[in-house]
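The sequence and structure are shown first.

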Amino acid sequence: MNEGKTKEQDSGVELEFDLGDPPQKVWRAVTIPELRERWLPKDALADPDAITVTPGQKVRYKLRDDNPPFLESTVTFTITPNATGGTCLRIVHELTDARFDGMARAPANSNSPPLMLAA
């Protein structure tokens, strides 16, 4: 496995790894609950079932923080074969909670007074 590439986004993190294992083995590791449990605990999952699946290629899970404010996010695993017979594993973890949108718009040091909108 290589060091991996990390790219931060406004609402999440994107990681990419080149693995020596074939795509089928990596697919099992991200989809079989007993194998997935080793690195993605079921307590972190909002639902143990995937919310979207493209067999052998992509799977997405919904996560929920276990501490207040219990924000929800998704983690998407995309698996593609690489040139050496191994796997390119792309992991995208995005904060998808609607409450995050409101937090992102107002800076923490905003001193402006709240405004009332006319009806």
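How many nonpolar, polar and charged residues does the lining of the largest pocket have?

## Largest pocket

The lining has nine nonpolar, no polar and two charged residues (Ala, Val, Leu, Ile, Met, Phe, Trp, Tyr, Cys and Pro count as nonpolar, Asp, Glu, Lys and Arg as charged, and the others, Gly among them, as polar). These residues are F17, L19, D21, K25, V26, A29, V30, W39, F77, L89 and I91. Two or more of them come from each of β2 (12–19), α1 (23–31) and β6 (87–95), and α1 gives the most, with four residues.

The volume of the largest pocket is about 240 Å³. A pocket is an open set of points on a 1 Å grid over the protein atoms alone where a 1.4 Å probe fits, with protein on both sides within 12 Å along at least five of seven lines; lining residues have an atom within 4 Å of a point. The volume is the space filled by probe spheres set on the points, which are joined across faces, edges and corners.

## Basis of the model

The model is predicted: local features need pLDDT of at least 70 and side-chain atom pairs count only at pLDDT 80 or more, while totals for chains, interfaces and linings use all residues. Residues are numbered from 1 along each chain as its sequence is written, and side-chain values use heavy atoms, with hydrogens and water left out.

## Fold and surface

Three helices and six strands make up the pattern β-β-α-α-β-β-β-β-α along the sequence; both are DSSP runs numbered from the N terminus (helices H or I, at least four residues; strands E, at least two).

Of the 119 residues, 27% count as buried (under 20% relative accessible area, 1.4 Å probe, protein chains only).

Notes:
Buried means under 20% relative accessible area, exposed over 50%, partly exposed in between (1.4 Å probe, protein chains only).
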